[in-house]
Amino acid sequence: MLLEQAGHEVLLFEGRERPGGRLYTAASGFEIGAEWIDEDHNRMRSLLKDLRIAEVPAPDGEYLYLREDAKCLQSMPWSDAEQDVAQFEALADKAAPRAYESVAGLIDAACNSERGKWMVTAKVRTDEGDEPHRIGFEPWLAYRELYKSRKGGEASAFRIDGGGKAFVEAVLSRINATPRFGSVLESVQVDGSVRLGFVGFEEIVDAAVLALPLPCLLDIRIDPPLPVEAELRKLDFAPMVKARFGFDAAFWRHEGWYGYLKTDRLIQQTWPDRAVPSALVGYVCGDAAERLGRMNDAASALRAEWATVTSHGAPEVEVKVWAADPFARGGFTIAPPGSDPERSRNRNDGPVQVAGEFAAEWMGFMEGALESAEAAVEALTKKPARG
Ligand SMILES: Cc1cc2nc3c(=O)[nH]c(=O)nc-3n(C[C@H](O)[C@H](O)[C@H](O)COP(=O)(O)OP(=O)(O)OC[C@H]3O[C@@H](n4cnc5c(N)ncnc54)[C@H](O)[C@@H]3O)c2cc1C
């Protein structure tokens, strides 16, 4: 869209046979990939407005934290855990960037009780998309700056009316280029012009924006290599599983909770489905996502888990293991210890630019994908980016 607005003729190549990438609504209505927009994701919000798509506010409610031996609502946490959560935030406020190697170091330093450590770990894992020991402390602290003005409730504030499907269709209706599906990029060579080597054909263009998930990008043979390649290779991609659990009824309402759940079992986090009142959507990351990815039947494993949560009965399960998707190979980018996302975002002034959530301050989010697109287009057209 931005390139066409800047007056360029655009060719659009896509490896899959469908548009949308990690933003995808199944025929059943299951939102398989991205779903939530934060209140301060201004690019996404203004694009939705422009596309005349409404934002659907998150349903009211709070998380139920569920352990094998106990459960509590977020607003009434165990007192020992409450102290640890406060101590975690207080230590983060005054920590030096290199005080700890990973966020796990901060959790160990802040938490005195086993339940506090459990609760903070469950929260960090689902917020960041991986186990705390794989989240670099220095990048995490830098991201925390982005959230400094938040007072609470800004995260996951809205969903897209009609879901990813409505959004993707609206974007496609605004561009002249027709996606060429099934175009799998393998190589890029810059020799005056840019030669794009796809499986079975080649295309020569003046410039290219490579908007691929990080693991897919790093597999492309790029000659000469991207100046930031070494920095990009220090980043990681979180394994991710998403599922929808269709129950007969919204049993959680009768059990005194809201459908928002955090556990450290295979089902790590749920929230109410956007479209079906008796369904919950589940999000699994970290070690549990890797375990699920290795299973032959992830749906059955998740279905069986519900016996530990409720006596209400097992749900119908739809599941997507993102690590097994060849055009994603995981959920989204994370910054492990030793990585420096800021350096990996450095732009060159050549004809090959990268875009995608990995190349943005809002790394991991749809907002980041838009942010990186602005930066890539600015680098190609030398026009100042918005925002
Ligand atoms: C389970 C899950 C939940 C998420 N939840 C949220 C959320 O609630 N909110 C949020 O903001 N973000 C969320 N995200 C992240 C969000 O999906 C991404 O940040 C965003 O979609 C990234 O867009 P992108 O354009 O960078 O990448 P993609 O959407 O992945 O697009 C890249 C495109 O490149 C194509 N491609 C890959 N390899 C090749 C190749 N070799 N040749 C040609 N084409 C190729 C892919 O098919 C894809 O269409 C979630 C992600 C997952 C997986």
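These legends describe close-up views of one predicted model. Residues are numbered from 1 along each chain as its sequence is written. Because the model is predicted, local features need pLDDT of at least 70 and side-chain atom pairs count only at pLDDT 80 or more, while totals for chains, interfaces and linings use all residues.

**View 1. An open sheet of 4 strands.** The strand order is β10-β9-β8-β12, with mixed pairing. Strands (E, at least two residues) and helices (H or I, at least four) are DSSP runs, numbered from the N terminus. Two strands pair if DSSP finds at least two bridges between them. β10 (201–205) and β12 (221–223) are the edge strands, each pairing on one side only. Neighbouring strands of this sheet are turned by 15° against each other on average, direction ignored. The axes behind such angles are lines fitted to C-alpha atoms, for helices over the stretch in contact, and angles run from 0 to 180 degrees between N-to-C directions.

**View 2. The β8 and β9 pair.** Strand β8 covers residues 185–191 and strand β9 covers residues 193–198. They run antiparallel, joined by 6 bridges. Ser187 has Gly197 in β9 as its bridge partner.

**View 3. The shell around the ligand.** The ligand is surrounded by 33 residues. A residue belongs here if its C-beta atom, placed from the backbone, lies within 6 Å of the molecule. The closest are Gly15, Gly21, Arg22, Ala34 and Gly356. At least two shell residues come from each of β1 (13–14), β14 (240–246) and α13 (366–381). α13 gives the most, with 4 residues. By class, the shell has 18 nonpolar, 8 polar and 7 charged residues. Nonpolar means Ala, Val, Leu, Ile, Met, Phe, Trp, Tyr, Cys and Pro; charged means Asp, Glu, Lys and Arg; the others, Gly among them, are polar. Domain 1 (2–58 + 158–236 + 332–381) and domain 3 (239–324) each supply at least three shell residues. Domain bounds come from an automatic or database domain assignment.

**View 4. A cis peptide bond at Pro224.** The bond joins Asp223 and Pro224, with omega about -5°. Pro224 sits in the loop between β12 and α9 (229–234).

View 5. Arg52 is not a glycine, yet its phi is about 60°. It lies in the loop between α2 (42–50) and β3 (55–57). Arg52 counts as exposed because it has 8 C-beta neighbours inside 10 Å. Ser156, also not a glycine, has a positive phi near 45°. Its loop runs between α6 (137–146) and β6 (158–160). Ser156 is partly exposed, with 14 other C-beta atoms within 10 Å. Buried takes 20 or more other C-beta atoms within 10 Å, exposed 12 or fewer, partly exposed in between, with C-beta atoms placed from the backbone.
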